[in-house]
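User: I would like to learn how to read a structural model feature by feature, with the general idea given before the particular case. Could we work through one together?

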Amino acid sequence: MIPQISGIDLLNDSEKNSIQQIINSELEKLNKKFNNIFSFYLHIKEHKKEKSKPKYSFHSKTIINGHNIETDSYGWDHRKSLRELFDKIENEINHKFHLK
């Protein structure tokens, strides 16, 4: 499965690299745990005002066993927000399929 990511082209190179690394490692963890993720879509937005630190928002859609799981996360630190997004995905999968 190749993740589909939109909005990543608006970020600088270091942000792109860190986001790609997090996505790859987190999807690998999810695939090991649930091993039937069909597709993963991620939309990234950077909310920036003049001379201020940008705020990031992540919106994802994960398809697993024919079920759509939509989650979102946002914050000032893109790494922390993205990891929170994957935690939410895992929690939603556990809830939807009554795994925990």
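The dialogue goes from the whole chain to two of its residues.

Analyst: This is a predicted model, in which local features need pLDDT of at least 70 and side-chain atom pairs count only at pLDDT 80 or more, while totals for chains, interfaces and linings use all residues. Residues are numbered from 1 along each chain as its sequence is written, and side-chain values use heavy atoms, with hydrogens and water left out.

User: Which elements does the protein chain have, and how do they run from the N terminus on?

Analyst: Helices (H or I, at least four residues) and strands (E, at least two) are DSSP runs, numbered from the N terminus. Here the protein chain has 2 helices and 4 strands, and their order from the N terminus on is β-α-β-β-β-α.

User: What does the radius of gyration of the protein chain agree with?

Analyst: The radius of gyration is taken over C-alpha atoms, and the globule rule is 2.2 Å times the number of residues to the power 0.38. For 100 residues a compact globule would have a value near 13 Å, and the 14 Å of the protein chain agrees with this. Along its principal axes, the C-alpha trace spans about 45 × 20 × 20 Å.

User: Is Ser-57 buried or exposed?

Analyst: Buried means under 20% relative accessible area, exposed over 50%, and partly exposed in between, with a 1.4 Å probe and protein chains only. Ser-57, whose place is in strand β3 (residues 55-64), is buried because its relative accessible area is 7%. Across the protein chain, buried residues make up 37% of the 100 residues.

User: With which side chain does the side chain of Ser-57 make a polar contact?

Analyst: A polar contact is a pair of N or O atoms within 3.5 Å; within protein, one must be able to donate a hydrogen and the other to accept it, and residues adjacent in sequence count only if both atoms are side-chain atoms. The partner of Ser-57 is the side chain of His-47, at 3.1 Å.

User: What does Ile-44 touch?

Analyst: Contact means heavy atoms within 4.5 Å. Not counting residues up to four places away in sequence, Ile-44 touches several residues, among them Ile-5, Leu-11, Ile-19, Ser-57 and Phe-58. Ile-44 has its place in strand β2 (residues 37-47) and is buried, with a relative accessible area of 2%. Among contacts in the protein chain between residues at least 6 apart in sequence, 48% join residues at least 24 apart.
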